[in-house]
Amino acid sequence: MIDLAAAPADGPDQDLVKDATDQSFMADVIEASRETPVIVDFWAPWCGPCKQLTPVLEAAVTAAKGAVKLVKVNIDENQMIAGQLRVQSIPAVFGFFDGQPVDGFMGAVTPAEAQDFVKRLGDMAGGGGLDAALDAAEEMLEQGALADAAQTFGAVLAEDANNARAYAGLIRVHIIGGDLDQAKALLEQVPAEIAEDQAIQAAGSAIELTEQAAGAGEADALRAEVEAAPEDHQKRFDLALALMGSGDNEGAINELLELFRRDAEWNEGAAKEQLFKLFDTLGPKDPLTLSGRRRLSSMIFA
């Protein structure tokens, strides 16, 4: 929950709160809202309720830590935009996202109502500040900064105990760190409300793949055995697992696709099942997932 008390006492963050004119409205609101939701506060110096509402909005936006931005428009000096949006009384507040007005209200509101409005708008972009923190934590994870990633994932869970990405990220920290027992313990602690989330399912698949890869053997030796006996499906399957264990996911996908091509039904469709687990682990947008799924589909529907 956004803490209004967290807003700095010396005024709003100028990166989050700014004044706009008729001339700058397109850049400050329309274009800016394609990246971050923008709240537009139409006000005037003579408007008493505006003087009460604007500081409340500034506090809520500042406390949201980047989830949304606030743009203030003085209608006495900038009448064109107010006219286009048919502002007939002030204060008038509009929420813009992806270049379009998506929410709004007229008149003054309480701090709690302002906070709800900010959160509602921030949620349209997927969570705002928390998503930015998760993006940073996942980058730390990719770079091997496990302690920093774990700390950030934990901080997100302190804010949102049902955040699937944070739970999955923390599980991955322990997988990469070699502590599968702790990874499995965390998986068992996942709240029931998010247990079926794709990120959690992918983390579970990552645990399974890591356990399987640990017992698969050494990749170079297995490759030599597969080259000597290309019809030995079990050896090819073990080679794919060993490649996953060494981080060569592309090589693993190639071997599993080759196994599927040779015998799609081998071991009750183990190649396809393993491919799906690996795709889940990599994520739906990973280039290897996209390419692998296309190649698998072409084999299935050939």
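How many nonpolar, polar and charged residues does the lining of the largest pocket have? In this predicted model, that lining has 13 nonpolar, nine polar and five charged residues.

**The largest pocket**

The volume of the largest pocket is about 940 Å³. Its lining is made up of 27 residues. Those that lie nearest the centre of the pocket are Leu141, Arg172, Ala206, Thr281 and Leu282. Five helices each supply at least two residues of the lining: α5 (129-143), α7 (164-176), α9 (198-214), α11 (233-245) and α13 (270-282). Of the elements that contribute, α9 gives the most, with seven residues.

**The chain as a whole**

The chain has 14 helices and five strands. Its radius of gyration is 26 Å, whereas the globule rule gives 19 Å for 302 residues; the value for the chain is well over that of the rule, so the chain is more spread out than a compact globule. The C-alpha trace spans about 85 × 40 × 30 Å along the principal axes of the chain.

Of the 302 residues, 42% count as buried. The accessible surface of the chain comes to about 15,500 Å², and carbon and sulfur atoms hold 50% of this surface. Among contacts in the chain with a separation of 6 or more, 64% are accounted for by residues 24 or more positions apart.

| Residue | State | Relative accessible area |
|---|---|---|
| Valine 226 | buried | 5% |
| Threonine 289 | buried | 1% |
| Threonine 36 | buried | 16% |
| Alanine 183 | buried | 0% |

Residues count as buried when their relative accessible area is under 20%. Threonine 36, with a relative accessible area of 16%, is therefore buried.

Threonine 36 lies in the loop between α1 (25-31) and β2 (38-43). Leaving aside neighbours within four places in sequence, threonine 36 is in contact with Gly66, Ala67, Val68 and Lys69.

Alanine 183 belongs to helix α8, which covers residues 180-189. With neighbours within four places in sequence left aside, the contacts of alanine 183 are Ile171, His174, Ile175 and Ile207. The C-alpha atom of alanine 183 is separated by 52 Å from that of leucine 85, and the two residues are 98 residues apart along the chain.

Valine 226 is found in helix α10 (residues 219-228). Apart from residues up to four places away in sequence, valine 226 touches Lys235, Arg236 and Leu239. Between the C-alpha atoms of valine 226 and glutamine 212 the separation is 18 Å, with the two residues 14 residues apart along the chain.

Threonine 289 sits in helix α14, residues 287-300. What does threonine 289 touch, not counting residues up to four places away in sequence? The residues are Phe279, Leu282, Gly283 and Pro284. One of these, Leu282, is also among the residues that lie nearest the centre of the largest pocket.

How values were computed
Residues are numbered from 1 along each chain as its sequence is written. This is a predicted model: local features need pLDDT of at least 70, side-chain atom pairs count only at pLDDT 80 or more; totals for chains, interfaces and linings use all residues. Side-chain values use heavy atoms; hydrogens and water are left out. On a 1 Å grid over the protein atoms alone, a cavity is a set of points where a 1.4 Å probe fits but cannot get out, and a pocket is an open set with protein on both sides within 12 Å along at least five of seven lines; lining residues have an atom within 4 Å of a point. Grid points are joined across faces, edges and corners, and a volume is the space filled by probe spheres set on the points. Helices (H or I, at least four residues) and strands (E, at least two) are DSSP runs, numbered from the N terminus. Ala, Val, Leu, Ile, Met, Phe, Trp, Tyr, Cys and Pro count as nonpolar, Asp, Glu, Lys and Arg as charged, and the others, Gly among them, as polar. The radius of gyration is taken over C-alpha atoms; the globule rule is 2.2 Å times the number of residues to the power 0.38. Buried means under 20% relative accessible area, exposed over 50%, partly exposed in between (1.4 Å probe, protein chains only). Contact means heavy atoms within 4.5 Å. Accessible areas come from the Shrake-Rupley method with a 1.4 Å probe; for residues, only the protein chains shown count as cover.
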